[in-house]
Structures are given as structure tokens and as C-alpha cells.
Amino acid sequence: MNTSNQNIRTHILQMIKQCSSFSNLEESNSVGYAGLNQDELKELLYETFHSHCGLDKVEFLSSTPISQVINIIIRKMPVGIINDRTYQISDETSCSYSQSCDFSEPASPFSTSTTDNNINMDKRQIEYIVGIDLGHGETSAAICPLQWDTPVEQLDPAKDLEMGGNKKVIPSAITVLDSGAAYIGDSAFNPEILKQANVNVCFKKAPKDINGKAEKLMIRYMQEVYRRIRENNSAMLTDNNHLIYIATPSGWDKTTQDLYLQMAKRAGLPIDGLTKESRAAFVRAHHDVTSGIGKSIEKGAVVFDMGSSTLDFTYMGSDGNIIDHGYDCGASFIEKTIFKECEDKYPVIHRFEDSYPRLVPFLLFEARKVKEQVYFDPSLKVKKTINFEDFIDDETFEDDRFKIMFQPGELNSLLEQTGYIKDIENAAYDFVTNHINNAPIHGVFFNRRSITNGLYQTACEQVLEHTGIANI
């Protein structure tokens with residue numbers, strides 16, 4: 001590569017650093033790892049070159065290498081600027097541009113060309129990208145082969161990974177014994193394990209201190225989830241052939257996201273970046289031909305992603321801009337409401353809580369399973385009996401039990417009474433009014449995984465009907 005071309009790349013990399021969360025970037029790093037603010041970069045390019053240099057027509061994926069971003073910027077620079085003798089980029093340095101630069105058509109921003117001298121060829125050993133959703137209530141993972149020389153439109157779709165026991169999704173639960181051994185998912189609720197240590201559920205929260213108690217628990221959970229993924233997919237995943245991306249609620253700010261990324265690194269994950277949960281749902285819906293989102297995306301469409309901890313929205317308008325926002329009114333409120341109803345009805349639960357406070361999360365998880373049953377088929381009656389002797393060896397509770405039961409529509413009525421449905425409705429109104437400024441919405445789409453897991457589609461449909469913003 002000639003000196004002029006290298007100078008151009010060096011100075012554009014400096015501009016990218018100004019719009020990123022990490023200053024020690026290299027071209028081989030990805031957009032997600034850099035925490036690149038693409039809108040800020042577009043504005044900086046326009047201030048410098050009076051052109052967006054092609055980025056106004058591109059939205060890079062988190063896995064896109066920084067080198068590909070630089071390629072597009074160089075190839076889309078105004079010709080007059082490129083041919084100019086010198087263009088001042090910063091107060092400290094300047095860069096000479098010459099016609100000796102390669103202005104061939106850019107490679108896809110989502111794949112790597114074998115002729116690009118600036119790609120770190122060590123990246124070629126990376127065969128897979130693994131996405132992990134460490135949800136507040138459930139955890140899942142998917143894998144996508146990189147297929148470096150395959151056109152974007154021909155890439156194989158991502159596939160859900162086996163998480164153990166022929167399940168693609170496990171409860172976000174962890175029990176850590178005094179010996180240091182940890183059990184996650186359904187194993188965390190094994191009666192023999194519950195007798196030895198506390199079970200932790202619904203522990204995901206916005207991190208504040210990487211050395212905090214809650215953060216350390218999350219780091220341990222990250223380690224154990226990654227360990228399970230590797231064990232259950234050992235024939236596919238090796239030590240050096242994959243990178244990890246994780247998801248965060250859309251309401252988390254940049255500082256919180258960066259800290260979460262550092263937690264994943266401390267957990268030992270080969271982390272390369274993160275994405276917002278609702279945006280991941282949007283991409284999934286966009287690539288799912290059965291979702292119908294392709295018919296609405298050019299006019300304006302929203303993905304409605306109901307998680308356990310947050311309600312997240314992603315909107316794409318006719319101008320191609322993407323807007324994300326999240327609200328602290330996730331579906332975990334429902335199982336807490338169910339459990340509170342049980343506490344009010346059955347005094348034995350309070351007696352149990354006094355004797356076994358560390359097992360209360362187990363009862364809350366049982367309420368969660370009832371919630372999922374209710375919304376998996378809202379037309380059916382749901383009844384579940386919890387026998388204390390099934391998970392504790394205590395004669396004082398030997399004959400004690402309680403029931404959770406809902407007739408069709410009964411749980412929705414309860415949520416109406418508590419004001420929860422109104423909270424969801426207010427969130428939808430706020431997003432439309434204050435975040436997308438009443439932009440046209442021609443379709444609203446549920447995150448498919450939320451629907452199949454029974455996260456109260458009926459209640460959400462009722463909310464959308466109230467708001468009058470969508471056709472599903």
C-alpha cells in the first residue's frame with residue numbers, strides 16, 4: 001500500500017475513534033466492539049468533507065470490521081477533495097490525497113474481500129458469530145456462520161443453539177454452592193441443590209460497579225452460560241473460531257452498555273460487541289419472510305419486544321433512520337402480581353417465607369411458569385398446585401400446598417386492576433409521541449420468541465388496540 005493511501009486510512013481511523021467509546025481501535029476491530037456512533041460519524045464526515053461519504057445510505061451491523069467502514073468512506077469521498085493536494089484533518093496532522101488510491105467499487109460492508117490488504121487475516125480463522133441473550137427471565141443463544149466470501153444475500157440464516165436437554169431456551173437462574181460449583185437453568189431448581197444454597201432469578205439489572213455483588217453474580221452467570229454453550233456445541237465451536245455478541249435493553253445508556261461489555265470480557269467470553277435487544281428483534285423480523293415486515297419497513301414500522309425486565313421498541317422510518325427506546329415495565333411484573341395474589345390468599349406462604357427466605361425465588365419462578373401457560377393459549381383454564389414437600393424436607397410443611405388458577409381472561413383483568421396494562425399503553429404513547437414524533441406507523445411486529453414463550457400476546461394486542469397505532 002502506498003504512503004498516501006495509508007495516511008488517508010490513518011486519519012479516517014482517527015475520526016472513527018472520535019465517534020467511538022474506545023480510543024485504541026484497530027481496523028480489524030468491529031463496529032460493535034468500537035461502540036461506534038454511526039450518526040455522529042456521518043455528521044463529522046459532513047463537517048469535514050461536506051459529504052456523508054456514502055454512510056447516509058448504509059447502516060453497519062455490529063460485526064462489520066472498521067476497515068470496511070474506512071473503505072466505503074474513502075471510495076465515496078468527493079473527487080475534488082480526493083484530488084486536492086492537502087486537506088487538514090486535525091490540528092496536529094494533515095494528509096495528502098492522490099489519485100493513486102484504489103477507488104474500485106466497495107466490498108459489502110457485511111463481508112470481507114480477499115483482495116483487501118487492510119483486513120487482518122487472522123480474522124479469517126473466525127468461522128462463527130454467536131449471539132447470546134442473557135435475559136432477565138430466560139437465556140438463549142444463536143449462531144451464524146461468517147462465510148467470508150459469500151455475498152450477503154446468500155448467507156445462511158442464524159440458528160438457535162442447543163442449551164441442554166434438547167432446549168433452545170433456559171431459565172435465567174443460577175445457584176452457587178459453598179464449594180464454588182454453580183448450576184444454571186432448570187438445574188438451579190433441583191430440590192437437592194435448593195437445600196444447599198440460594199437460587200437466584202431475575203437478577204439482571206443495569207450494572208453500576210463491576211465489583212458489585214449483583215455484577216459479580218452476573219459475571220458468574222455469563223461464565224456458566226458460555227461454558228454450557230461450548231459443552232453442548234463442542235463439535236462446532238473451538239477456542240479460536242468464534243466471537244460473541246450480547247444484547248442489552250434499549251433503555252441502557254452508553255456508559256451502562258460499556259460496563260456490561262467489560263463484565264462479559266471479565267467473564268472470559270471472546271466478546272466482540274453488543275446490540276440492543278429490540279434492534280436484534282427488528283433484524284430478526286426483517287429477515288423472517290413470514291413476519292411481513294418487508295411490506296411495511298419502507299413506510300415505517302415498529303418492533304415491539306417485551307422482555308422480562310424491559311419493554312423495548314425499535315422504529316425504522318421511510319428515511320432509513322432507526323430509533324430505539326426501552327421502558328422499565330417488563331413482563332416479570334406479571335409473575336410478581338400472581339405471586340402476591342397467592343401470598344394474600346394463602347397464609348402458609350408467609351410462614352414458608354419466614355422459614356426459607358432463600359427459596360422464595362423458586363416460588364416466584366413457579367408463578368412465572370403459570371404466566372406462560374396462561375398466555376400460551378389464553379382460551380384455556382390454567383391450574384397448578386405447589387406442594388412444599390416436593391422441594392423441602394420439613395415435616396412442618398409436609399401437607400401444605402397452594403394453588404394458582406386462572407380462568408380465560410382473568411389474568412388480563414387482574415393486570416388491568418393493578419394499572420400494568422395502562423403502564424404499557426403509556427409507554428407506547430410516549431414512544432410514538434416523544435421519540436418518533438408521531439411518525440407514520442404502518443406495522444407493529446412482536447418479537448417472535450416472546451410470542452412463542454407466551455409473554456402475554458393477548459395483553460399486548462389489547463394495548464395496541466387501545467393506542468390505535470398499529471396493524472398487526
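**Helices α7 and α8**

I looked up how α7 passes α8 and found a right-handed crossing. A crossing is called right-handed if the near helix is turned clockwise from the far one by less than a right angle, and left-handed if anticlockwise. I note that this is a predicted model, in which local features need pLDDT of at least 70 and side-chain atom pairs count only at pLDDT 80 or more, while totals for chains, interfaces and linings use all residues. Residues are numbered from 1 along each chain as its sequence is written, and side-chain values use heavy atoms, with hydrogens and water left out.

Helix α7 covers residues 213-232 and helix α8 residues 254-266; their axes come within 9 Å and cross at roughly 55°. That makes α7 oblique to α8. Angles under 35 degrees count as roughly parallel, over 145 as roughly antiparallel, 65 to 115 as roughly perpendicular and the rest as oblique. The axes are lines fitted to C-alpha atoms, for helices over the stretch in contact, and angles run from 0 to 180 degrees between N-to-C directions. Helices (H or I, at least four residues) and strands (E, at least two) are DSSP runs, numbered from the N terminus.

I then listed the contact (heavy atoms within 4.5 Å). From α7, E215, M218, I219, M222 and Q223 meet Y260, M263, A264 and R266 of α8. By class, I get six nonpolar, one polar and two charged residues in the contact of α7 with α8. Ala, Val, Leu, Ile, Met, Phe, Trp, Tyr, Cys and Pro count as nonpolar, Asp, Glu, Lys and Arg as charged, and the others, Gly among them, as polar.

**Helices α10 and α12**

I checked α10 (residues 332-345) against α12 (residues 360-376): the axes come within 8 Å and cross at roughly 110°. That makes α10 roughly perpendicular to α12. The crossing of α10 and α12 is right-handed.

On the α10 side I find I334, E335, K336, I338 and F339, which meet V360, L363, L364, A367, R368, K371 and Y375 in α12. The contact of α10 with α12 divides into eight nonpolar, no polar and four charged residues.

**Strand β4**

How many of the eight residues of β4 are buried? In β4 (residues 138-145), six of the eight are buried, and the strand is mostly covered. Buried means under 20% relative accessible area, exposed over 50%, and partly exposed in between (1.4 Å probe, protein chains only).

I went through the partners of β4, taking two strands as paired if DSSP finds at least two bridges between them. β3 (residues 128-134) runs antiparallel to β4, with seven bridges joining them. A hairpin of three residues connects β3 to β4, and D133 stands opposite S140 in β4. With β6 (residues 169-171), β4 pairs in the antiparallel sense over three bridges; here E138 stands opposite P171. With β5 (residues 159-160), β4 has two bridges, again antiparallel, and A142 stands opposite D160.

**Positive phi**

Most residues other than glycine have a negative phi. I looked up two asparagines that do not: N437 has a positive phi of about 50°, and N438 has one of about 60°. N437 lies in the loop between α14 (420-435) and β17 (444-446), and N438 is also placed in the loop between α14 and β17. N437 counts as exposed because its relative accessibility is 60%. N438, at 54% relative accessibility, counts as exposed too.
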